[in-house]
Amino acid sequence: MAISAPQIVLRSGRATAVCAPGLGGRVTSLAVDDLEMLAGPGNGPLFGGLYPMAPWAGRLRDGLLAWGGQTTRFPAHLTPPHAIHGTLLERAWTVLEVSADRVALEAELVDPWPFGGSVRHEFVLSDDALTCRLEVHATNEPFPAVAGWHPWFRWQLRDAAGVRRGGRAEIGLPAGGMLRRGEDGLPDGTVLRPYPEGPWDDCFLEFSGAPTVTWPDALRVTVLSDAPWFVVLTARPEGICVEPQTGPPNGLNDGSYTLVESGAPLVATMSLGWETATGRP
């Protein structure tokens with residue numbers, strides 16, 4: 001049975017998380033010891049919190065997908081001329097299950113997505129991590145899919161009283177290469193090794209370890225995922241982003257996707273694990 005709720009608060013030890021199913025199924029707050037990690041809402045649905053991306057992640061060139069003998073055009077109002085971050089960003093999700101430290105959401109893949117299907121998203125909060133699982137399911141018709149998460153971390157931590165804690169956010173990025181962006185802002189097929197210094201709005205690959213976001217003398221977050229691609233954004237004042245994705249931007253069109261069939265979903269996981277400056281989770 002579906003559960004109706006404007007927002008859901010999860011708690012575990014010193015950690016809290018707030019999920020807003022009606023805002024694209026996003027987590028709007030993630031805090032430990034009253035230190036809020038996530039940037040707040042910004043100008044439009046692309047900014048703020050942590051939200052799932054499906055059935056594609058990143059930009060889709062010119063908002064077009066050619067598949068199964070048909071070409072589908074998707075809305076490109078957020079980042080013209082390209083569509084971005086799938087079809088669920090501005091949708092309300094249905095709450096399937098909820099407990100003190102866990103919530104499961106679901107959204108149907110409907111028009112303008114022409115192939116049907118659904119997406120399930122589960123959050124589990126523990127004392128030292130928020131663990132997420134995404135499943136993209138087909139009903140009858142197979143289709144290509146890319147899934148991922150878009151967390152907006154704060155550049156600067158502040159406590160509940162508004163006092164600055166720690167230094168400005170720093171990225172640890174043990175990547176082997178970066179996809180070069182073409183004139184249209186999408187990867188052009190070239191891998192840069194070594195890759196240039198930031199600021200970035202770029203897709204990275206060939207990781208030797210997990211990316212990290214560190215606020216010196218305050219908190220470190222490790223972004224663990226079985227997704228092999230990460231888009232890293234450090235070029236915006238709203239926040240800093242480390243986005244695990246199962247395929248790169250425009251992956252539905254360049255072949256870097258997972259074929260989803262009935263009984264064979266795309267499944268991806270991500271864990272945001274934290275450690276305070278004292279070494280305590």
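His-85 is in contact with Leu-46, Tyr-51, Met-53, Ala-54, Trp-56, Ala-57, Gly-58, His-150 and Glu-243, leaving aside its neighbours within four places in sequence; contact here means heavy atoms within 4.5 Å. This is a predicted model, where local features need pLDDT of at least 70 and side-chain atom pairs count only at pLDDT 80 or more, while totals for chains, interfaces and linings use all residues. Residues are numbered from 1 along each chain as its sequence is written, and side-chain values use heavy atoms, with hydrogens and water left out.

- His-85 is found in the loop between β9 (83–84) and β10 (94–98); strands (E, at least two residues) are DSSP runs, numbered from the N terminus.
- At 6% relative accessibility, His-85 counts as buried, where buried means under 20% relative accessible area, exposed over 50% and partly exposed in between (1.4 Å probe, protein chains only).
- The largest pocket has a volume of about 430 Å³, and of its 26 lining residues, His-85 is among the closest to the centre, along with Arg-59, Ile-84, Asp-201 and Leu-233.
- For the cut-offs: on a 1 Å grid over the protein atoms alone, a pocket is an open set of points where a 1.4 Å probe fits, with protein on both sides within 12 Å along at least five of seven lines, and lining residues have an atom within 4 Å of a point.
- Grid points are joined across faces, edges and corners, and a volume is the space filled by probe spheres set on the points.
- β21 (201–207) is one of the strands that each supply at least two residues of this lining, and the largest share, 3 residues, comes from β21.
- By class, the lining of the largest pocket has 14 nonpolar, 6 polar and 6 charged residues, with Ala, Val, Leu, Ile, Met, Phe, Trp, Tyr, Cys and Pro counted as nonpolar, Asp, Glu, Lys and Arg as charged, and the others, Gly among them, as polar.
- The second largest pocket comes in at about 180 Å³.
- Its lining has 13 residues, and Pro-75, His-77, Gly-86, Thr-87 and Glu-90 are the closest to its centre.

**Nonpolar cores**

- The largest nonpolar core has 71 residues, and Val-136, Phe-153, Trp-215 and Trp-274 touch the most other members; such a core is a set of buried Ala, Val, Leu, Ile, Met, Phe, Trp, Tyr and Cys residues joined through side-chain atoms within 4.5 Å.
- Strand β27 (residues 266–276) gives the most to this core, with 5 residues.
- Another core, of 6 residues, lies apart from it and includes Ala-175, Met-178, Trp-200 and Phe-204.
- Beyond its neighbours within four places in sequence, Val-136 is in contact with residues including Ala-54, Leu-109, Phe-143, Val-260 and Leu-266.

**Aromatic pairs**

- The structure holds 13 aromatic pairs; rings of Phe, Tyr and Trp (its six-membered ring) pair if their centres lie within 6.5 Å, with planes under 30 degrees apart stacked, over 60 edge-to-face and the rest tilted.
- Trp-113 and Phe-115 have ring centres 5.1 Å apart and planes at 80 degrees, so the pair is edge-to-face.
- Trp-113 is buried at 2% relative accessible area, and Phe-115 is buried at 4%.
- Phe-115 and Phe-143 have ring centres 6.2 Å apart and planes at 15 degrees, so this pair is stacked.
- Phe-115 lies in the loop between β11 (102–108) and β12 (118–125) and Phe-143 in strand β14 (residues 143–145), so the pair ties together parts that are 28 residues apart in sequence.
- Trp-56, Phe-74, Trp-113, Phe-115 and Phe-143 form one aromatic cluster.

Conventions. Helices (H or I, at least four residues) and strands (E, at least two) are DSSP runs, numbered from the N terminus.
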